Amino acid sequence: QTEDGNLGLYIQGEDSWLIPTESFWSFYRTAAMRLAWTGILYLIPLLLFAAFVVFFYRRYVRRLSDTVFGRVSNAILYGVGVCALVLIAYGALVGSPEINPDESEGIYSVLYYTTHWRIPDMRELPLEAFSQFGTARLSELNLYYILAAQIARFVTLESGTRFFGVLLAGGLFYLAFWNLKKNRYLLAALFLTPQVWYLYTYCTSDALDFAVAVLVLYQLSNPDSMLQRLLKKGVEKQDLWRVLLLGFLFSNIFMSKQNYYVIAIYAFLMLLTELLTAKKEERRTRFLTCLWLALAALVFLGIRYIPEFLHYGIHKQQVIVELQNEIAIPKLRPASPPEVQSSAFNLHGKGVTLWELLFHRGFHTMLFRSFVGTYGCLAFPSPKWYVAVMGVLYAALYVGMQLSVWREKGQKERKIKFVLLHLTAFISWVLVVYNGWFIDFQAQGRYMLPVLIFVAHGVSLCPKLMQSKWFRCLICITALLSLYSFAWYCIPNIQPV
């Protein structure tokens, strides 16, 4: 430190190369100023976030209940949500791409769109765009990488490719707390397992897929949603923007990963049930509205398919398989004989029966443990007692939902929907089993996350259950346990060693 209190540079030695030049001083001043402004620019959002958290709680969350129990339960959930979001942001800043599943491909895809606007032909991509499986995220229809790149353009940190996920997580928590009074079922989508939070700490398109699924849930289960209002009154000229917005939302389902296609089946079954149980005079209006929404979704999906068609015609899947056989390591190539392929690859081709897969290879144990909190590439599990307690809480919630739905007299529509939600959950499980048997034995819980959407919708069918003390206690306990698992077994382990 110099006499005038400013930072100085003290040099020992007589080598002339050690004497700073004017260009060095200029660079030093410029770099120091740039870093100072960067610190200020990142500090401002942090201060705004802290102010908003306090303001939102005092002006909204605290006033939602007049009882002590209600205020305490809301405060617990709000505190867990804020802590989870802070941990998500921290995990996004410090997480290692080598630890998170398939993240290197995702990061490459986001970085590609920071410098390109054209959707690439995967045959022209360099080898670093592909995984050892011979797959490239840039071949997906998913809009996640394009959207994440627009955020990454303005973030100078190396982890900027993950900031879009952090924003999505913030949006989901805001949606849940804003609807804490009337649509409390949304809590079941976000606070039953920390595996959901983990999605938003790294660069993965699953983050957008799950967010879209939650928005679809909100539109289908909330009687005051944009979709439900359109279904009741029909589509008029001034509703064009609403039709386009909802069409874009539903089109994203078909751009997601295959395990989220079940959300489309779920939406179809819920809308069909409402159509068939509606009054006769309302059915035509509902049917025409659904047709308008389907048309809008097909338009957006068709626009997204244009570059795919120009690149591959109708042979995209054939091109994908050819590249896999060319680029993947031998034991992960689809064309390799079963004896050469990895021991976890194509179990059906190796003669493993479905019975053996389901009951003799620990499939369901691995699936459930990873669903409630196993992080990285199934490398960092939560303790066994935690998994057991979460299982008991899930069973209690399921029994409570069953009793609440079937004890209520009448309500034919609700009961039909409740049965159909079981069907969609079963389809989701079948898709995971199919992947584990025919493709790759990966009983990963994140593949079953769409089930949370069906659970949340099931809770919405039980208004008394939603407001009951035991449900509030249960969701608070699962939230606190999830925070424990996420803070102790996820965040410390996904950091580089």
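Guide: Leaving aside neighbours within four places in sequence, Y266 is in contact with V216, L217, L220, L421, T424, I453, F454 and H457. This is a predicted model. Y266 sits in helix 11. Its relative accessible area is 0%, so Y266 is buried.

Next comes helix 17. Helix 17 covers residues 412-439, which makes 28 residues.

Now the aromatic rings. The count comes to 35 aromatic pairs. One of them joins F363 and F441: the ring centres are 5.9 Å apart and the planes stand at 55°, so the pair is tilted. F363 lies in helix 15, while F441 lies in the loop between helix 17 and helix 18, so the pair ties together parts that are 78 residues apart in sequence. F363 has a relative accessible area of 0% and is therefore buried. F441 is buried as well, because its value of 16% falls under the 20% cut-off.

Elsewhere, aromatic residues gather in one cluster. Its members are F52, F56, Y57, Y60, Y78, F173, Y174, F177, W178, F191, W197 and F486. A charge meets a ring at F69: K469 lies over the face of F69, at 5.4 Å from the ring centre.

Two polar residues in loops come next. N100 is in the loop between helix 2 (68-94) and helix 3 (103-115). Its relative accessibility is 2%, so N100 counts as buried. The side chains of N100 and Y198 are joined by a polar contact of 2.7 Å. Not counting residues up to four places away in sequence, N100 touches R162, Y198, Y202, C377 and I494. S131 lies in the loop between helix 3 and helix 4 (144-152). S131 counts as buried, at 12% relative accessibility. Its side chain reaches the backbone nitrogen of F133 at 3.1 Å.

Last, the cysteines. The structure holds zero disulfides. Take C473: the closest cysteine sulfur is that of C476, 6.7 Å away, which is too far for a bond because a disulfide needs the sulfur atoms within 2.5 Å. C476 is likewise in no disulfide, with the sulfur of C473 as its nearest cysteine sulfur. Their surroundings can be read from accessibility. C473 counts as partly exposed, at 36% relative accessibility. C476 counts as buried, at 7%.

Notes: Residues are numbered from 1 along each chain as its sequence is written. This is a predicted model: local features need pLDDT of at least 70, side-chain atom pairs count only at pLDDT 80 or more; totals for chains, interfaces and linings use all residues. Side-chain values use heavy atoms; hydrogens and water are left out. Helices (H or I, at least four residues) and strands (E, at least two) are DSSP runs, numbered from the N terminus. Buried means under 20% relative accessible area, exposed over 50%, partly exposed in between (1.4 Å probe, protein chains only). A polar contact is a pair of N or O atoms within 3.5 Å; within protein, one must be able to donate a hydrogen and the other to accept it, and residues adjacent in sequence count only if both atoms are side-chain atoms. Contact means heavy atoms within 4.5 Å. The expected span of a helix is 1.5 Å times one less than its number of residues. Rings of Phe, Tyr and Trp (its six-membered ring) pair if their centres lie within 6.5 Å; planes under 30 degrees apart count as stacked, over 60 as edge-to-face and the rest as tilted. A charge sits over a ring if NZ of Lys or CZ of Arg is within 6 Å of the ring centre and within 35 degrees of the ring normal.
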